[in-house]
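User: Got a model open here and want a quick walk through it. Can we start with the ligand?
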Amino acid sequence: KKRIVSGVQPTGSIHLGNYLGAIRNWILLQNTYDTFFFIVDLHAITLPYDAQQLSKATRDTAALYLACGVDTSKASVFVQSHVRAHAELMWLLSSVTPVGWLNRMIQFKEKSRKAGDENVGVGLLTYPVLMASDILLYQSDFVPVGEDQKQHLELTRELAERVNHLFGGRKWKKLGGRGGSVFKVPEPLIPPVGARVMSLTDGLSKMSKSAPSDQSRINLLDPKDVIANKIKRCKTDSFPGMEFDNPERPECNNLLSIYQLISGKTKEEVAEECRDMNWGTFKSLLADALIDHLQPIQVRYEEIISDSAYLDGILAEGAMKAAGIADATLNNVYRAMGFLQR
Ligand code: TYM
């Protein structure tokens, strides 16, 4: 079976962008692939954060994965920091990653600009190397993510190729290894619709956990009335009817795409259904669809989060399975890089 890995940071609350861009696709993929879904807590400390909140956010995120439909009889769910190989491989990879590659990362530029010099730790710069470790440790074939992670995936691929070139093949064989590639070169899986869910208050910027206004996003755990209110107040325009793909109507395109995904209808069906609606009619249709879709997720979430023994068991089992694979890769990397075997 081909292998898939992916993860979400336990920072802020998980929103519709995370769900439509990533988590929802995991659910579809877990039936066909060998899947590992982690909560990337080590990534969540790269900007100033509240230590009192981290473990709760980590659990909440795990519970949401399950509530959204990650099925632990098929997929392994674990916490990144519980598998030590992630941090360890990161050091090995850091040493062969050109700083220039990291300086080019758009997310680093954006986040460091927003955070201000004093708050930019080295970890924010080396963040993509940790992400590469998350992926390469599992010899993953595919990584389902939203559009904003594309550049990080490209870096992961380049890094895998660099290590294979520097340390793989005959050189590795001479050191007693199996030869061939040290790492499999993974591919991103970016969905055709939903890869870039936009803000409710500005159709030109993406929905994000860190946007100051909560009005800009739908969180998966928002209560009914909050969802209805956010949709009611979201940005509109003064064109008649509703249509996809009009560059002058980014908000309209975004909300129709959300409706398409949430309702499970095709683009053509949605275009047809909504063509003659006014904003008011469409907004109440969308709000109802969102509430119907998210309510069962919220009910399951409450059940799961209240049973901490169950959740801890899932996470322990997931970490054990993951560590088995990750440790084997890590040992190979140590050997290929010429370290004395323990
Ligand atoms: P994070 O936590 O920012 O986001 C989690 C996932 O949600 C997707 N996403 C979106 N998709 C569509 N529209 C949006 N507005 C939107 N906002 C976020 C992201 O693309 C992502 O798939 N670095 C990663 C986490 C990570 C990871 C990994 C992912 C760490 N290691 C290894 C895959 C494999 C991140 O910060 O995602």
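Predicted model: local features only at pLDDT ≥ 70, side-chain atom pairs only at ≥ 80, totals over all residues.

User: Which residues come nearest to the ligand?
Analyst: Gln9, Gly17, Gly21, Val145 and Gly146, out of 27 residues around the ligand. The elements giving two or more residues to that shell are strand 1 (3–8), helix 1 (16–29) and helix 6 (122–136).

User: How do the shell residues divide into nonpolar, polar and charged?
Analyst: Twelve are nonpolar, eleven polar and four charged.

User: Switching topic. What are the domains?
Analyst: The domain assignment gives domain 1 as 3–195 + 306–336 and domain 2 as 214–303. Their C-alpha centres lie 30 Å apart. The contact takes 14 residues from each of domain 1 and domain 2.

User: Which elements of domain 1 touch domain 2?
Analyst: Helix 1 and helix 2 each give two or more residues to that side. Helix 2 gives the most, with four. The residues on that side of domain 1 divide into nine nonpolar, four polar and one charged.

User: Now helix 12. Where does it bend?
Analyst: At Leu294, by about 30°. A proline, Pro296, follows within four residues.

User: What span should helix 12 have?
Analyst: With 27 residues (279–305) at 1.5 Å a residue, helix 12 should span 39 Å. The end C-alpha atoms are 37 Å apart, which agrees.

User: Which of its residues are buried?
Analyst: In helix 12, Phe282, Leu286, Ala287, Leu290, Leu294, Tyr301 and Ile304. The buried residues pack against helix 2, helix 9, helix 10, helix 11 and helix 13.

Methods. Residues numbered from 1 in each chain as written. Expected span 1.5 Å × (residues − 1). Bend = angle between axes of the 7 residues up to and from the residue. Buried ≥ 20, exposed ≤ 12 C-beta atoms within 10 Å, placed from the backbone. Contact = placed C-beta atoms within 7 Å. Near = placed C-beta within 6 Å. Nonpolar A, V, L, I, M, F, W, Y, C, P; charged D, E, K, R; others polar. Domains from an automatic or database assignment.
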